[in-house]
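Work through the exercises below with the sequence and the structure at hand. Each task is followed by its solution.

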Amino acid sequence: MGEDAVVTDTHNTPLVEEATKKASVAWVAVAEGPALALWCVPHQGALFVVSGPGEQSAPGLAEADQAQVTLRGDHGGRIITWTAQVSRVLPGTEEWDTLAPLVGAKRLNAPGPTADLVARWAAEDCALVRLTPAGEAVHGGRLPADSLAEPPRPTPAVREVRKPFRLHRVRGH
């Protein structure tokens, strides 16, 4: 962080509240892992994230106690990073019955009705996680100036590039 970055307590901070209310994607880092772009749903001052089979991958988030959340503004630039308390909402609880349908209704491109989606989350042990602002927030004109971009992670999706198909033989002049 830059020397002039502002560090504040996140409890009842208007910038945290406003950025959280407008969030649909958050960059979430667990422990020393990389920040992952995760779709999220704001509700009552917290962000809710679903991960697991058939959903986005967020390794370690469901088991974590804390995470770092970075939110961006309308202009696309980073506006705030805050420490979040992580808590999992468990299926079969009153809290699940209230929150899971709210989050499911915001899930883009969900196959079928929200009730079926929520039932699948419960059956396949997907994690519905609440990220509540706690601790310190960093904001201001001197957040990290660099992009914090990382090299692409290895993936099995890489494939060999084939030679172009030619219908006829190409002759030299």
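**Exercise 1. A pocket and its lining**

Task: Find which elements each supply at least two residues of the lining of the second largest pocket, and say which of them gives the most.

Solution: The elements that each supply at least two lining residues are α1, β2 and β6. With 4 residues, α1 gives the most to this lining. The pocket holds about 200 Å³ of space. Its lining consists of 13 residues, and those closest to the centre are A19, K22, R72, G73 and D74. The model worked on here, and in the exercises that follow, is a predicted one.

**Exercise 2. The order of elements**

Task: Count the helices and strands of the chain and write their order from the N terminus.

Solution: The count gives 3 helices and 8 strands. Read from the N terminus, the order is β-α-β-β-β-β-β-β-α-α-β. Next, take the contacts with a separation of 6 or more: residues 24 or more positions apart account for 65% of them. Finally, 35% of the 173 residues count as buried.

**Exercise 3. The nonpolar cores**

Task: Locate the largest nonpolar core and list the residues with the most contacts inside it.

Solution: The largest core has 26 residues, and V28, L47, L61, V69, L71, W82 and L131 have the most contacts inside it. At least two of its residues come from each of α1 (14-22), β2 (25-29), β3 (36-39), β5 (46-51), β6 (66-72), β7 (78-89) and β8 (127-139). In soluble globular proteins, nonpolar side chains tend to be buried together.

L47 can then be examined by itself. Beyond its neighbours within four places in sequence, L47 has contacts that include V69, L71, W82 and L131. T20, A23, A26, C40, V41, P42, V129 and R130 are also in contact with L47.

Technical notes: Residues numbered from 1 in each chain as written. Predicted model: local features only at pLDDT ≥ 70, side-chain atom pairs only at ≥ 80, totals over all residues. Heavy atoms only, no water. Core = buried A, V, L, I, M, F, W, Y, C linked by side-chain atoms within 4.5 Å. Buried < 20%, exposed > 50% of the residue type's maximum accessible area, 1.4 Å probe, protein only. Contact = heavy atoms within 4.5 Å. 1 Å grid on protein atoms, 1.4 Å probe; cavity = no way out; pocket = protein on both sides within 12 Å on 5 of 7 lines; lining within 4 Å. Points joined across faces, edges and corners; volume = space filled by probe spheres on them.
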